Amino acid sequence: MLDKFMTLADIDGVELDSETTFADLTTLRIGGSPLVTVHCASSQAAIEALTVLDDASQDYLVVGGGSNLVVAEGPRDVVVVRLDFEDIDASVASGIVRAEAGAVWDDVVALSVECGLGGIECLSGIPGNAGAVPVQNVGAYGAETSDVLTQVYLYDRSTRTASWVPAADLELSYRYSNLKFTGRGVVLAIELQLTTDGLSKPLRFGQLTQTPGERRGVAEVRAQVLQLRRSKGMVLDPEDHDTWSAGSFFTNPIVESQVADSIQDTVRAARGDEDADRMPRHVVGGSASEKREKLSAAWLIERAGFAKGYPGADSGARATLSTKHTLALTNRGEATADDIVALAREIRAGVQKAFGVTLEPEPIWLGVEI
């Protein structure tokens, strides 16, 4: 199988690996074998390898931390590309941070915080590598990559060249960029503009502050975010099956305000005023007559009857909701892709039936679909 890819092995900085599986590469620990895994030790090696693959019209998938993938079992007709270059440079004076695509994202955050730079402390503990962060405009606790991203070093698949591309050209929005699902290109490095005063971005998430808009020391906020994420099983731990997940499996739905009103009325009738009044709903845009609001997918899942750990420890299920957070679908140790997909379908159908809202999965699907 390796013979057809031997020209890749002639590239300086490229190594071929025929042993690694998607179960080895993903945080869900599921999935079969790619045709080959191509390790690239530098951005130039990656450009040359990607060019060879594109010229051959060979399907490939760039895999970093593997925290956003659901992959079918069995042989997969795809090449995995690994970007194994990971330098991080942070300027205390300017607040500019540059990270190569293979850098572990939380290492980028940790170094920035150590340097007293603010803006990404709320994104602490998120698994994956720096190159993936702009692709889905990673966000958490009221912060998004788009708040600080200035440009990306992008391999353009149409021209087979790489250049720095302004963040404005990526059409960043909630969990979206025009790199996601489009095959436009591959991020080889990112640049961020952070603040230099040692303070966080203005906080607005209730679990971090009771005074919306306040700013606190970046190290303090990072520690608080990591504690919150650990309590939800969202910081990777090989010994904890609650972290064998793809993180937040569904995106928070954005609906018209009248739809949010209807959902709140349904909850009020079923669960009473107190619970209904706690329903998270945040205006995200639209005209005065057509406001749109972001709802909490986890909150909807719970009100649709799915508790943490569903379907329960005694069910014998190989895939369950996390026992710490209902937005994570987890592999309890022996799950297959079919187990994860079946649970995802059940959760989505339950929310649809209860509230008329279709949850959209966040991970990339390979060989399977919801």
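Which residues does Thr326 touch, not counting residues up to four places away in sequence? In this predicted model, local features require pLDDT of at least 70 and side-chain atom pairs count only at pLDDT 80 or more, whereas totals for chains, interfaces and linings use all residues. Residues are numbered from 1 along each chain as its sequence is written, and side-chain values use heavy atoms, with hydrogens and water left out.

With contact defined as heavy atoms within 4.5 Å, Thr326 touches Ala298, Ile301, Glu302, Phe306, Ala307, Lys308 and Leu321. Thr326 is located in the loop between strand S16 (319-321) and strand S17 (329-331); helices (H or I, at least four residues) and strands (E, at least two) are DSSP runs numbered from the N terminus. The relative accessibility of Thr326 is 1%, and the residue therefore counts as buried (buried, under 20% relative accessible area; exposed, over 50%; partly exposed, in between; 1.4 Å probe, protein chains only). The side chains of Thr326 and Glu302 are joined by a polar contact of 2.9 Å, and a polar atom of the Thr326 side chain lies 3.5 Å from the backbone oxygen of Ala298. A polar contact is a pair of N or O atoms within 3.5 Å; within protein, one must be able to donate a hydrogen and the other to accept it, and residues adjacent in sequence count only if both atoms are side-chain atoms.

The protein comprises 9 helices and 18 strands. Its radius of gyration, 21 Å, is close to the 21 Å given by the globule rule for 370 residues, so the protein is as compact as a globular protein of that length (radius taken over C-alpha atoms; rule, 2.2 Å times the number of residues to the power 0.38). Of the 370 residues, 51% are buried.

Four strands form an open sheet of order S1-S2-S5-S3 with mixed pairing, two strands being paired if DSSP finds at least two bridges between them. Strands S1 (14-17) and S3 (60-62) are the edge strands, each pairing on one side only. Strands S3 and S5 (residues 79-83) run parallel and are joined by 3 bridges, with Leu61 opposite Val80 in S5.

A search of the whole structure found 0 disulfides (pairs of cysteine sulfur atoms within 2.5 Å). The cysteine sulfur closest to that of Cys115 is in Cys122, at 18 Å, too far for a bond. Cys115 is partly exposed, with a relative accessible area of 22%, whereas Cys122 is buried at 1%.
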